[in-house]
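Subject: Handing over the structure

Dear colleague,

Please find the structure below, followed by some notes on what was found in it.

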Amino acid sequence: LVLVVDFGAQYAQLIARRVREARVYSEIVPHTTPVSEMLARNPKAIILSGGPSSVYDEGAPSIDQGIFTTGTPVFGMCYGFQLMARGLGGEVAHTGAREYGRTSVTVGSQGTLLADVPAQHTVWMSHGDSVTAAPAGFDVLASTAVTPVAAFEDVERGLAGVQWHPEVLHTEHGQKVLEHFLVNIAHCRQTWTMVNIVEEQIESIREQIGDRGRAICGLSGGVDSAVAAAIVQRAIGDRLTCVYVDHGLMRKGETEQVERDFVAATGVDLKVVDAEKQFLDALAGVTDPEQKRKIIGREFIRVFEAAEAEILGEVDDKVAFLVQGTLYPDVVESGGGAGTSNIKSHHNVGGLPDDLEFELVEPLRTLFKDEVRLVGEQLGLPAEIVWRHPFPGPGLGIRIIGEVTRERLDILREADAIAREELTHAGLDRDIWQFPVVLLADVRSVGVQGDHRTYGHPVVLRPVTSEDAMTADWARVPYDVLERISTRITNEVREVNRVTVDITSKPPGTIEWE
Ligand code: XMP
């Protein structure tokens, strides 16, 4: 275990991911965690992340200086580097010289930390103060035009640091430097693999549930719920029932993927509720996006709870478990720890005793999204599910601009399937974050096909790149791929006579149109 101490910037999660990419398990702790508490977890190393502040700022986040003398190896990055320098008697100065973004660094001595790193390379910086003198016992390894001490190490004591951010993509050799610290200075063993995760999780779920009752899991068709369900199925077999609500707003083939391929791959007990009519009736005449969301959310809970009641009504167990695909970033953001959650949610399920308690089972609480996909592959889930792009809960309901009807859904499903097929065909699935296809159902435009005038609907292609959906850029999909999509849609989907591409970034546009 490596602990990443979070000083409140956005970097801690990325650092934790990079450590795991080096096959060493890591978790994030807030900087307010007492050092004794960190040590009680027996970490092999501690990493101090970057932070927003200057070590001289009033109220700047700090850490018990004792952390540097416990014998546990420590790596400081950026702000953490300065805390280490200062905590051990080096000098940190307000030089007035700031470095932001791409910076060239000169490696004077490779030492252990910078072994095999070129003498000149580019790193990503973000700091105002600079370390001007390293603490006694440290070797200075690198500098920049304005920072005399940009990297140092004291291998004997297991201490090292860099002024830059090795975790970000724009830093050359960042992962190599991190691995040098982990492997050659902290002597961590690189044993964190998805095979271990699966085995550990199955065991811990068996312990949690024991013979106390049944579990229910809602499947959305996405990767998180599918992987969570597959793990729980391995742990408790047919005491897990999965519920899939077919609201009629899914894309072409998705329901079949869950019903047929997912069940074949995992053997889960699946209950499919065909609620298309109920959803479409409730959506009739509605055009406002937020109203659509509310209606879909409300109907979903109704259908899901009715299914739960039916499943649990068949048994006398008073304890029921609800499986959720909560990921590690959600846990960190809500201030929780990675351990098993003991949140109990009281569920208002019609027809069941009031004292029925749901206990949450969250097999993915320690995992990042990319790890969940690897676990999914490990479990043999269908590639279409494991690598599926994020898809909104309200489904195609918010990709039809205007009223949602069965006929319009069918048009959009055909156009969307062509776009997805061609993207896959071009080998671009993993480069594109999401590729919504939007039907402008209330708009018509004139076209000509053969010798005939047409009066059809436009669709909008909305391919975007993104890291987390908070910001996004329009994806530069190659023209020949766009051309094939456009030609096929206008040829194969009779109602569509125009294909357009949305080239708005987020912000100002959102990814979805509604
Ligand atoms: P926007 O459109 O806000 O989308 O840029 C950001 C991400 O969230 C997804 N999204 C939703 N997901 N229910 C969901 O479960 C929703 O109502 C919803 N609206 C947007 C969207 O697909 C993108 O990944």
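A question to start with: which helices do the buried residues of α11 pack against? Before the answer, please keep in mind that this is a predicted model, in which local features need a pLDDT of at least 70 and side-chain atom pairs count only at pLDDT 80 or more, while totals for chains, interfaces and linings use all residues. Residues are numbered from 1 along each chain as its sequence is written.

The answer is that the buried residues of α11 pack against α1 (11-21), α5 (194-209), α6 and α12 (383-386). Helices here are DSSP runs of H or I with at least four residues, strands are runs of E with at least two, and both are numbered from the N terminus. A residue is called buried if 20 or more other C-beta atoms lie within 10 Å of its own, exposed if 12 or fewer do, and partly exposed in between, with the C-beta atoms placed from the backbone. In helix α11, which covers residues 369-378, the buried residues are Glu371, Val372, Arg373, Val375 and Gly376. Asp370 also belongs to α11, but Asp370 counts as exposed because 10 other C-beta atoms lie within 10 Å. Just after this helix, Gly380 takes a positive phi of about 75°.

Ser130 counts as buried because it has 24 other C-beta atoms within 10 Å. Two residues are in contact if their C-beta atoms, placed from the backbone, lie within 7 Å, and, leaving aside neighbours within four places in sequence, Ser130 is in contact with Ala93, Thr95, Ala97, Val146 and Thr147. Ser130 and Arg98 are 32 residues apart along the chain, and their C-alpha atoms are separated by 8.4 Å.

Turning to the chain as a whole, there are 14 helices and 24 strands, and 41% of the 514 residues count as buried. The largest nonpolar core has 126 residues, among which Ala229 and Val232 touch the most other members; such a core is a set of buried Ala, Val, Leu, Ile, Met, Phe, Trp, Tyr and Cys residues joined through C-beta atoms within 7 Å. Helix α6 (residues 223-236) provides the largest share of this core, ten residues. Beyond its neighbours within four places in sequence, Val232 has contacts that include Ile205, Leu240 and Pro363.

The domain assignment, which is automatic or comes from a database, gives domain 1 (2-185), domain 2 (194-386) and domain 3 (403-501). The C-alpha centres of domain 2 and domain 3 lie 30 Å apart, and ten residues of domain 2 are in contact with eight residues of domain 3.

There is also a ligand, and the residues that surround it include Arg293, Gln434, Lys506 and Glu512; a residue counts here if its C-beta atom, placed from the backbone, lies within 6 Å of the molecule.

Finally, a word on confidence, for which pLDDT gives the predictor's score for each residue from 0 to 100. The chain averages a pLDDT of 92, and 95% of the residues score at least 70, but pLDDT stays under 50 over residues 340-348. Where pLDDT is low, the predicted coordinates should not be read in detail.

With best wishes
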